[in-house]
There are 2 protein chains.
Amino acid sequence: MRLLGKQEIEDIAVGAALLGTGGGGDPYIGKLMALQAIEEFGPIKLLSVDEVPDDAFVVSSGMMGAPTVMVEKAPSGHEAKVAFQSLEKYMGKEVFATFPIEAGGLNSMLPLALAAQLGLPVVDVDGMGRAFPELQMVTFYLDGISASPMVIADEKGNVTLLNTIDNLWAERIARSVTIQKGGAVMFAIYPMTGRNLKESGIHNILKQEEEIGRSIRLAKENNVDPIQEVLKITKGFELFRGKVVDINRKTETGFARGTAKIEGLLDYYGETLEIRFQNEHLIAKTDDRLLCVTPDLIAVLDAETGLPITTEALRYGARTVVVGIPCHSKWRTSKGIETCGPAYFGYEMEYIPVEELVGKGVALK
Amino acid sequence: MRLLGKQEIEDIAVGAALLGTGGGGDPYIGKLMALQAIEEFGPIKLLSVDEVPDDAFVVSSGMMGAPTVMVEKAPSGHEAKVAFQSLEKYMGKEVFATFPIEAGGLNSMLPLALAAQLGLPVVDVDGMGRAFPELQMVTFYLDGISASPMVIADEKGNVTLLNTIDNLWAERIARSVTIQKGGAVMFAIYPMTGRNLKESGIHNILKQEEEIGRSIRLAKENNVDPIQEVLKITKGFELFRGKVVDINRKTETGFARGTAKIEGLLDYYGETLEIRFQNEHLIAKTDDRLLCVTPDLIAVLDAETGLPITTEALRYGARTVVVGIPCHSKWRTSKGIETCGPAYFGYEMEYIPVEELVGKGVALK
């Protein structure tokens with residue numbers, strides 16, 4: 001067990017936003033919520049997965065909806081509490097600990113804030129090792145763990161409890177409720193045992209986020225390039241460098257969808273990178289080369305500071321470095337690729353691991 | 001306490017469809033479900049409201065969605081059982097009895113079928129005294145009784161439990177879930193005490209439905225006009241007689257909406273009646289006269305048999321008599337008219353009681 005204080009929160013927020021690959025919610029709001037919770041209730045207890053008893057009842061918490069809406073609709077903290085209490089009542093069990101469902105500026109931080117409020121520990125694990133836009137896109141799903149019973153709570157006090165036959169139905173119904181409730185809501189989801197969590201989760205994700213955040217923070221005083229530090233920790237690759245020239249973003253069917261265009265600088269002069277996203281970045285390509293594709297991670301970093309930039313924060317003229325990071329091996333199985341590979345999102349292409357694309361590059365037909 | 005057998009079910013189904021004012025679901029499916037439940041589990045126990053203890057826990061059951069879809073998607077009976085069990089679990093109380101939310105071919109019968117299956121009594125009461133398209137349009141709402149906690153269950157096995165801050169939110173979220181679930185679902189709704197039910201419900205509605213159905217059935221052998229019998233029991237008025245010449249019906253935002261046109265015959269020759277509906281009939285008017293408007297009831301009857309015709313069953317060429325029936329006095333309060341008068345449905349007109357419109361008639365501006 002470790003205690004997380006303010007510095008750890010600051011670092012985790014940065015690393016989580018980076019692994020959020022453009023989505024996962026606004027890191028500023030998430031950080032403020034966690035910092036305020038620490039201020040009020042003291043440091044947050046972080047457990048490694050191995051410290052959770054096999055029969056403990058654990059539940060993930062976070063927010064779903066379009067990040068474009070989440071920015072406008074900061075959660076009060078009260079919703080998550082209501083969501084947990086409703087789930088405990090329905091299942092007749094007390095929650096032992098919570099954990100993030102994904103890496104992301106908001107969704108890595110909300111469980112921390114909630115845990116502080118409720119006096120619960122947080123487990124250092126998540127279900128993605130990155131962020132994805134839909135509820136079934138978790139390693140738990142690959143292992144047949146049900147997303148429901150799940151609870152959705154909005155800031156007005158409306159509570160919706162779903163008990164669905166599979167996780168695709170959970171996503172479908174929860175998404176339509178989210179849209180009705182204004183486009184962004186809190187959830188308590190994937191109730192499971194400690195043993196499930198151990199077997200199916202992605203371990204030590206908060207630790208990795210903290211390392212990423214710390215290395216970016218310390219790069220300047222250590223006189224090193226923050227981008228190189230990030231690549232070292234994540235085993236990632238530089239894909240592109242350039243200036244943002246076009247952002248096309250709309251909120252539809254409950255998601256933020258769109259395209260960002262980045263004009264190449266230095267080695268990349270004369271090329272234009274296009275990033276397609278649905279909450280998270282999904283594809284990075286130039287006119288004739290494919291550079292990185294989901295489920296591998298595509299992160300856009302500020303060229304100078306190395307800080308990650310979410311799709312909502314991406315602005316014309318920003319100088320960026322685009323980084324590709326290999327996803328967790330659980331996503332490279334056939335069910336993993338079926339669940340969140342390019343075909344699921346409607347792109348007619350095969351998944352090719354980023355390390356094969358980088359270097360030689362693969363020509364687009 | 002009375003026991004309802006097959007003949008009573010047949011009669012109630014007809015009367016309920018008539019008070020369903022074109023909506024309330026398909027009477028044939030509802031009747032078959034109730035008859036089959038009797039076949040399997042024996043007669044249904046019907047309690048008058050006065051026989052329900054003040055502190056008993058009672059819950060309404062039925063189906064929501066577009067009648068156009070309900071016809072295609074007959075409920076299995078299993079869903080309602082699941083919905084009740086989920087609600088009992090969440091509220092930690094056992095259901096003492098169920099009751100219909102509205103009068104209608106399907107929604108008056110489903111609680112009977114469910115009650116037989118679960119061995120529960122049905123209470124002779126509803127929340128409308130007719131049918132209306134939205135969940136908050138009940139006399140319970142006028143008295144501040146909450147629709148939630150409520151449960152929605154579909155035929156696949158998905159269960160959604162809502163606990164909303166008010167009944168308009170219940171309607172809004174439940175409607176979007178209904179659409180996602182294919183356009184028609186079962187619900188368990190308006191959990192309340194026996195005392196609430198006594199104070200806010202519309203009493204003896206099943207008894208009235210049975211009287212209407214019986215009088216239509218016996219009219220032929222008694223050699224009387226079934227339409228006149230209906231007018232006597234309901235204190236209604238003949239509004240129009242004619243032949244259906246046009247039906248314009250579409251299923252949108254989870255409702256069946258449209259217009260029916262009826263060309264006048266006999267006394268009404270040369271006039272055309274227009275009926276506008278959203279699941280239920282809302283307005284009956286000719287080119288220059290307003291004849292009846294919600295919350296008063298507009299029923300379309302077969303001119304020969306007196307049997308009610310729902311909007312889905314209305315066919316070109318059908319010979320009909322259109323009847324206007326004064327609604328329950330609870331609907332004629334200012335909150336009642338605000339809740340389901342013409343303005344709520346987007347018609348720019350005042351509510352005028354049918355007995356004022358009939359006879360002198362009110363010219364349309």
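Copies of the chain are superposed here by least squares on the C-alpha atoms of residues with pLDDT of at least 70 in both. This is a predicted model, in which local features need pLDDT of at least 70 and side-chain atom pairs count only at pLDDT 80 or more, while totals for chains, interfaces and linings use all residues. Residues are numbered from 1 along each chain as its sequence is written, and chains are lettered from A and ligands numbered from 1 in the order in which they are written.

Two copies of a chain are, in general, related by a rotation about an axis and a shift along it. For this model, chain A is brought onto chain B by a rotation of 180° with 0.0 Å of shift along the axis, at an RMSD of 0.0 Å, and the two copies are thus related as by a two-fold rotation axis. The residue of chain A that comes closest to this axis is A:Leu161, whose C-alpha is at 2.3 Å. Both copies use the same surface, since 100% of the contact residues of chain A recur in chain B, where two residues are in contact if their C-beta atoms, placed from the backbone, lie within 7 Å.

Between the chains, 19 residues of chain A are in contact with 19 residues of chain B. On the side of chain A, the elements that give two or more residues are α4, β8 (159-163) and α7 (167-180), the helices (H or I, at least four residues) and strands (E, at least two) being DSSP runs numbered from the N terminus. The largest share, six residues, comes from α7(A). By residue class, this side of chain A divides into eight nonpolar, eight polar and three charged, with Ala, Val, Leu, Ile, Met, Phe, Trp, Tyr, Cys and Pro counted as nonpolar, Asp, Glu, Lys and Arg as charged, and the others, Gly among them, as polar. Strand β8(A) also pairs with β8 (residues 159-163) of chain B in the antiparallel sense over five bridges, pairing being assigned if DSSP finds at least two bridges between two strands. Within this pairing, A:Asn163 has B:Val159 of β8(B) as its bridge partner.

Within chain A, the division is into domain 1 (2-203) and domain 2 (225-363), with bounds that come from an automatic or database domain assignment. The C-alpha centres of these two domains of chain A lie 25 Å apart, and their contact takes 31 residues from domain 1 and 27 residues from domain 2. On the side of domain 1 that touches domain 2, the elements giving two or more residues are α1 (6-19), α3 (67-70), α6 (139-142) and α7 of chain A, and α1(A) gives the most, with four residues. That side of domain 1 divides into 16 nonpolar, twelve polar and three charged residues.

Helix α4 (residues 78-91) of chain A and helix α5 (residues 110-118) of chain A have axes that come within 10 Å and cross at roughly 70°. The contact joins A:Ala80, A:Lys81 and A:Phe84 of α4(A) to A:Leu110, A:Leu114, A:Gln117 and A:Leu118 of α5(A), and its residues divide into five nonpolar, one polar and one charged.

Some backbone details remain. A cis peptide bond, with omega about 0°, joins A:Ser148 and A:Pro149, and A:Pro149 is placed in the loop between α6 and β7 (150-153) of chain A.

Methods: Axes fitted to C-alpha atoms, helices over the stretch in contact; angles between N-to-C directions.
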